[in-house]
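Student: Let us take this structure term by term, and please set each value against its definition before you conclude anything.

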Amino acid sequence: MNNNKSVILGIIIIIVVCIITVGCGFYNLLKPKDFKEQFGALGYTISDKETPKYETDTYLVATKDDVPFKIEYYEFKDESEAKKIYKKYKDSIADYITSDSKNQESTSAVISKIVAVSDNEYIVISRVKNTLIFIAGTKDYKSEIDKLLENVKY
């Protein structure tokens, strides 16, 4: 009887570890329409006319007069392209920072996120599958940026 319980418990643990490792069901893929709706509802102006830093299929920018940052949204044809641009942003993070920063990165099979905090800046690069959001803000707006990204599960 104890052997059966141990086997069942072992299988459950393996399943839970696989789900956590792969990230199944724990992410939200934000499509361009969803990005426009989410941030438009919060009073942001959404533009598709700006030139992206990197080549992409879709590039949207959300801005608001009373915040000193913009929310850049990229959608790529596939996940490998998104990973390449995520790495490029990560490698060039020093271009956005005026002093030493503490960078915290978390990754899984479908999600990559890095948060860079310096004396003045608060920068977030968050990739989910074939999409990426980049925000170069200030520490004063840390909680607002975190809340925005939490709402869209990035």
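Student: How do you know how far Glu 37 and Lys 33 are separated along helix 2?
Tutor: Being four residues apart in helix 2, Glu 37 and Lys 33 are separated by about one helical turn, where a helix is a DSSP run of H or I with at least four residues and a strand is a run of E with at least two, both numbered from the N terminus. This is a predicted model, in which local features need pLDDT of at least 70 and side-chain atom pairs count only at pLDDT 80 or more, whereas totals for chains, interfaces and linings use all residues. Residues are numbered from 1 along each chain as its sequence is written, and side-chain values use heavy atoms, with hydrogens and water left out.

Student: Why is the meeting of Glu 37 and Lys 33 called a salt bridge?
Tutor: A salt bridge requires a side-chain nitrogen of Lys or Arg within 4 Å of a carboxyl oxygen of Asp or Glu; the N to O distance between Lys 33 and Glu 37 is 3.4 Å, so the pair qualifies. Side chains of opposite charge can pair when their charged atoms come close.

Student: What makes Lys 33 and Glu 37 fall into their accessibility classes?
Tutor: Buried means under 20% relative accessible area, exposed over 50%, and partly exposed in between, with a 1.4 Å probe and protein chains only. Lys 33 has 58% and therefore counts as exposed, while Glu 37 has 46% and is therefore partly exposed.

Student: Which parts does the salt bridge between Lys 31 and Glu 75 tie together?
Tutor: The closest N and O atoms of Lys 31 and Glu 75 are 3.4 Å apart. Lys 31 lies in the loop between helix 1 (2-22) and helix 2 (32-41) and Glu 75 lies in strand 3 (residues 71-75), so the pair links parts that are 44 residues apart in sequence. Lys 31, at 37%, is partly exposed, whereas Glu 75, at 12%, is buried. The structure holds nine salt bridges, one of which joins Asp 146 and Lys 142 at 3.0 Å, N to O.

Student: How do you know whether Thr 131 is buried or exposed?
Tutor: Thr 131, which is found in strand 7, has 0% relative accessibility and therefore counts as buried. Contact means heavy atoms within 4.5 Å, and, not counting residues up to four places away in sequence, Thr 131 touches residues including Leu 29, Leu 30, Glu 75 and Tyr 154.

Student: What makes the pairing of Thr 131 with Tyr 154 a polar contact?
Tutor: A polar contact is a pair of N or O atoms within 3.5 Å; within protein, one must be able to donate a hydrogen and the other to accept it, and residues adjacent in sequence count only if both atoms are side-chain atoms. The side chains of Thr 131 and Tyr 154 are joined at 2.4 Å, so that distance meets the cut-off. The side chain of Thr 131 also reaches the backbone oxygen of Val 128, at 2.8 Å.

Student: Why is a set of residues called a nonpolar core, and which residues have the most contacts inside the largest one?
Tutor: The term means a set of buried Ala, Val, Leu, Ile, Met, Phe, Trp, Tyr and Cys residues joined through side-chain atoms within 4.5 Å. The largest has 21 residues, and those with the most contacts inside it are Leu 30, Phe 35, Phe 39, Tyr 44, Phe 69, Ile 71 and Ile 133. A second, separate core of 17 residues includes Tyr 59, Tyr 74, Ala 82 and Tyr 89.
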